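Keep the 3D view open as you read.

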Protein chains: 2
Amino acid sequence: MYEHYSYERLTQFTKDIFLFMGCSTADAEIATKVLLSADVRGIDSHGVARLAGYIRLWEAGRINATPDIRVVHETPSTAVVDGDAGLGLVVAPFAMQVAIDKAKNVGTGWVSVRNSNHFGIAGYHAMMALEHDMIGMAMTNASALVAPTFSIERMLGTNPIAVAIPASEQPPFVADFATTTAANGKLEIQQRKNEDVPIGWVQDKEGNDSTDAHALKHGGLMLPLGSDREHGSHKGYALGSIVDIFSAVLSGASYGPWAPPFPAYVPMPENMPGKGLGHFFGAMRVDAFRPAEDFKSHMDNWISRFRASTPAPGHENVLIPGDPERVMEAIRMKDGIPIPESLVHELNEIGKKFGVGL
Amino acid sequence: MYEHYSYERLTQFTKDIFLFMGCSTADAEIATKVLLSADVRGIDSHGVARLAGYIRLWEAGRINATPDIRVVHETPSTAVVDGDAGLGLVVAPFAMQVAIDKAKNVGTGWVSVRNSNHFGIAGYHAMMALEHDMIGMAMTNASALVAPTFSIERMLGTNPIAVAIPASEQPPFVADFATTTAANGKLEIQQRKNEDVPIGWVQDKEGNDSTDAHALKHGGLMLPLGSDREHGSHKGYALGSIVDIFSAVLSGASYGPWAPPFPAYVPMPENMPGKGLGHFFGAMRVDAFRPAEDFKSHMDNWISRFRASTPAPGHENVLIPGDPERVMEAIRMKDGIPIPESLVHELNEIGKKFGVGL
């Protein structure tokens, strides 16, 4: 069912595709690195599986392969970046670097981005801060698939939040999660297996509970983290809203139900109130609060204490956010990245079309 | 079952209690305002119902009524505040004001606080930013009652997050929520009514699902937002952890299972890695990103579009975070604040003890 490809082989292929689209070498390299960080970390929905989607957006004229990405407004600790309709995979690292540079100067940096596109996994961008002894944050709005609590209309994307926090001896704390009960990628896994999903992930278009992994194709809705009011879905709805507002209302991107859809065949919403997709990035120097060595040794203590907390019956140990992805990365860099047959076929078709060998 | 007290009457009583404890007039006034903002907004667990708890902490020598609250470290956009074991109700507005002042200068301000105590409702502090056309954020760690995903040990508090965002014609967006499936106050309501709670709010001490509203008294655990792994509890666990780290590891407060317990009869944890409880505050000038009028008119558009989204069957309309509390505030400022008989009795006992009339 799967073929294994090395990181290097997928890198060469993906980079050649971005070069074919007209990206500069530097842009093709960073876009490839960001995209493949998903495959390597086990977030299969956001890696090469999305390459065809990016190509279709480029073919539809919605992605500019040679964007003029620039800061359009700033203060010592903030900036707004206009992505000029570039690949989010390129715009996002640019904007996160602006946040990091501002943090170097005044302690923290906060950058809201408009006129961008899908930026890969949020965790990649947040983790850029780690090597600078900074806490990194990244979030983005996305195509509307999620109904607010008490609503049956698609108003929000799965709007992920990533937070990366450095430690010393311990690996960093890296949280990266959709503000829905289940990420879209989890739905896709069940779709491929033709299996049901648990109650609480989706509803049908009338707002009834559903276990249909294909519910979205029939007009259904994703549910905010918490699933229903009794279990706190108003909190997931608030979190998704905060991501939308920080990413798009602060920057002048298109928000809520007007967020540009990722599938190129879906028409753009009418009367969009802003430009493209929005992101939000933050960087905080830990030594803007206390000496970096103090902070990182207390993070070591925090992490080891939580990892040693009493496990529930049937579990060997308690995980720290980022543990599963780090374990996966070690395995896949060694053994290669498993690509399902259907995706191998799709990538080969792309390769043929653009004269690029997989 | 309830007696109604006017805001003014509860204000006078509460202020007199804080004055009796030795607070300065200014501190007694701000502590009262913060505490009663919970009663007024309908968050009954965090208002005068907690007064007895604060008094017991003061009697136990854990609250300093005349603290020397000060900035101990800073950069242009950040600060660490030491609360000198003062009332969180006083320390928190001080620290939030530091964040606001920094935002005036460099666009944003971020303040982590150590050596504090319970700070009332997070929403009050976040909302301080609104009149300055800033986005406000507030969070705090708290006594450990919550088990991480896959654990049966109490490692985190209910660690709330509040975010307040200004609009123009529309009322502001104000989210204020515990990072658990249900806030502790929700449990207390079911305890008073002697009614069960839904599956997903708590577990017994062995990690079994429980509907016992009194589960915590028997060694049980609160569950992170999401309730179980399948419904995203690892996301609630990550959120509660981020609040703990920003509030306590950044500042040098006591974190995780070492957070000082609110009930004065619970002994302090051994080997505490920091001082007191921790908070984290943020303020972002909206015009550090785009002109304030642009931002606020787009927030009006955001809010009215979400409020008009198609309601689910059985619901009249979709709510914006902050709507229920604002409606409650209007009612209670007019009709008075309903206090349950048992609490009236408790407040009268306090009044007698301190020679203060309710």
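## Helix α1 in chain A

Keep in mind that what you're looking at is a predicted model. We'll start with helix α1 of chain A, which covers residues 7-20.

Now look at which parts of the helix are tucked away. The buried residues of α1(A) are A:Leu10, A:Phe13, A:Thr14, A:Lys15, A:Ile17 and A:Phe18. Here's a handy bit of background: an α-helix has 3.6 residues a turn, so residues three or four places apart point the same way. And what do the buried residues of α1(A) pack against? Their partners in chain A are β1 (2-5), α2 (25-41), α3 (51-59), β12 (337-340) and α10 (341-354). After the helix comes A:Gly22, with a positive phi near 110°.

Over in chain B, α1 has 15 residues. From first C-alpha to last it reaches 21 Å, close to the 21 Å expected at 1.5 Å a residue. Its buried residues are B:Leu10, B:Phe13, B:Thr14, B:Lys15, B:Ile17, B:Phe18 and B:Met21. They pack against β1 (2-5), α2, α3 (51-59), β12 (337-340) and α10 (341-354) of chain B. Following α1(B) is B:Gly22, whose phi is positive and near 110°.

## How α1 and α2 cross in chain B

One of those packing partners deserves a second look. The axes of α1 (residues 7-21) and α2 (residues 25-41) of chain B come within 9 Å and cross at roughly 135°. What do we call that arrangement? Angles over 145 degrees would count as roughly antiparallel, and those from 65 to 115 as roughly perpendicular; α1(B) and α2(B) are therefore oblique to each other. The crossing is right-handed.

Who makes the contact? On the α1(B) side, the residues include B:Tyr7, B:Leu10, B:Thr14 and B:Phe18. On the α2(B) side, among them are B:Ala28, B:Ala31, B:Leu35 and B:Val40.

## Buried or exposed?

B:Thr25 belongs to helix α2 of chain B. Is B:Thr25 buried or exposed? It has 10 C-beta neighbours inside 10 Å, so it counts as exposed. B:Thr25 and B:Ile135 are 110 residues apart in sequence, and their C-alpha atoms are 29 Å apart in space.

Compare that pair with another one. B:Gly322 sits in the loop between α8 and α9 (323-335) of chain B, and B:Gly322 counts as buried because it has 23 C-beta neighbours inside 10 Å. B:Gly322 and B:Val174 are 148 residues apart in sequence, yet 4.5 Å apart in space, C-alpha to C-alpha. Setting aside neighbours within four places in sequence, B:Gly322 is in contact with B:Pro171, B:Pro172, B:Phe173 and B:Val174.

## Two residues with positive phi

Phi of A:Asn271 is positive, near 55°, and this residue isn't a glycine. You'll find A:Asn271 in the loop between α7 (233-249) and β11 (277-285) of chain A. With 6 C-beta neighbours inside 10 Å, A:Asn271 counts as exposed.

B:Ser227 isn't a glycine either, and its phi is positive at about 70°. B:Ser227 is in the loop between β10 (221-222) and α7 of chain B. B:Ser227 is buried, with 28 other C-beta atoms within 10 Å.

Time to zoom out. A rotation of 180° with 0.0 Å of shift along its axis superposes chain B on chain A, with an RMSD of 0.0 Å. The two copies are thus related as by a two-fold rotation axis. Which residue of chain B comes closest to the rotation axis? That's B:Gly226, whose C-alpha is 2.4 Å away.

At the interface, 66 residues of chain B are in contact with 66 residues of chain A. Elements giving two or more residues to chain B's side include β4 (108-116), α7 (233-249) and α8 (292-307). The largest share, seven residues, comes from α8(B). And since 100% of the interface residues of chain B are also interface residues in chain A, the copies meet through the same surface.

Technical notes: Residues numbered from 1 in each chain as written. Chains lettered and ligands numbered in written order. Predicted model: local features only at pLDDT ≥ 70, side-chain atom pairs only at ≥ 80, totals over all residues. Least-squares fit on C-alpha atoms with pLDDT ≥ 70 in both. Contact = placed C-beta atoms within 7 Å. Helix = DSSP H or I, 4+ residues; strand = E, 2+ residues; numbered from the N terminus. Expected span 1.5 Å × (residues − 1). Buried ≥ 20, exposed ≤ 12 C-beta atoms within 10 Å, placed from the backbone. Axes fitted to C-alpha atoms, helices over the stretch in contact; angles between N-to-C directions. Parallel < 35°, antiparallel > 145°, perpendicular 65-115°, else oblique. Left-handed = near helix turned anticlockwise from the far one by under 90°.
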